[in-house]
Amino acid sequence: MNLTLHVWRQKNANDKGRLEKYEAKDINHHTSCLEMLDVVNEGLIQQGIEPIAFDHDCREGICGMCSLMINGRAHGPQKATTVCQLHMRYFKDGDVIYIEPWRARAFPVVKDLIVDRSAFDRIIQAGGFISVNTGGAPDANALPIPKKNADLAMDAAACIGCGACVASCKNASAMLFVSAKVSQFAYLPQGQAERKDRVKKMIAQMDLEGFGNCTNYYECEAACPKEISVKFIAKMNRD
């Protein structure tokens, strides 16, 4: 299949940036969107043109590094799918595809399609530690946890920190991300000792980083590749 790409190119955070047009030719429909960009980059290198810079790591939908806006949608048109698992069979021959980085003040552009998401790391760091008894490995059943709580904690922990919630929100809010990271501890006994302090510190850091607040448009939930529920935001607000 042959495609026309309009890709955001930006040398650094101070550069104005612009969309540049590229032709992606003879792309196998079984390849992923990232593999398609690899093919395009190989062609650019052969022409002596600087390749398109983009983030990637696991390419298995786990790490969240492959965060891109595809035709104006975070991670592209397929629901619950990361860019690295968005295959070209979901597009048609001759399609025009616009590829851009996340747009948020708290996610400054590093280069081309790469943004600095270290603000998320600082929010996690602000949450601090959990108090647990150390020593020998305890028996797996020594600390009873209701199945409902365990399931909810696992649902929250599924967040990969990609930032799609921020990129899709008109306020560039990080509330879904923060609520998931708060809730994965708040549902478990180990997270109770610092629970109230943790949520206040993480919210304060979120505000300090320049993220917006939640106004209940639910775009974050719709764009999340792991389908994290906005119910976690309600839980975080109660805490």
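This note sets out numbered points on the cores, a strand, a helix pair and a loop residue.

1. The model is predicted: local features need pLDDT of at least 70 and side-chain atom pairs count only at pLDDT 80 or more, whereas totals for chains, interfaces and linings use all residues. Residues are numbered from 1 along each chain as its sequence is written, and side-chain values use heavy atoms, with hydrogens and water left out.

2. The largest nonpolar core contains 41 residues, and Val 166, Val 178 and Phe 211 have the most contacts inside it. A nonpolar core is a set of buried Ala, Val, Leu, Ile, Met, Phe, Trp, Tyr and Cys residues joined through side-chain atoms within 4.5 Å. Buried means under 20% relative accessible area, exposed over 50%, and partly exposed in between (1.4 Å probe, protein chains only). Several helices supply at least two residues each, among them helix 3 (147–157) and helix 6 (195–209). Helix 5 gives the most, with six residues. Helices (H or I, at least four residues) and strands (E, at least two) are DSSP runs, numbered from the N terminus.

3. Phe 211 touches, among others, Phe 107, Phe 120, Val 166 and Met 206, when residues up to four places away in sequence are not counted. Contact here means heavy atoms within 4.5 Å. A second, separate core has 26 residues, including Phe 54 and Val 83.

4. Strand 1 (residues 3–9) is largely enclosed by the rest of the structure, because seven of its seven residues are buried. Leu 3, Leu 5, Val 7 and Arg 9 cover one side, and Thr 4, His 6 and Trp 8 the other. Strand 1 runs antiparallel to strand 2 (residues 18–24), joined by seven bridges; His 6 has Lys 21 as its bridge partner there. With strand 5 (residues 96–100) the pairing is parallel, over four bridges, and Leu 5 is partnered by Ile 97. Two strands pair if DSSP finds at least two bridges between them.

5. The axes of helix 2 and helix 5 come within 11 Å and cross at roughly 35°. Axes are lines fitted to C-alpha atoms, for helices over the stretch in contact, and angles run from 0 to 180 degrees between N-to-C directions. Phe 120, Ile 123 and Ile 124 of helix 2 meet Phe 177, Val 178 and Lys 181 of helix 5.

6. Glu 194 lies in the loop between helix 5 and helix 6. Glu 194 counts as buried because its relative accessibility is 14%. Apart from neighbours within four places in sequence, Glu 194 contacts Phe 129, Ile 130 and Ser 131.
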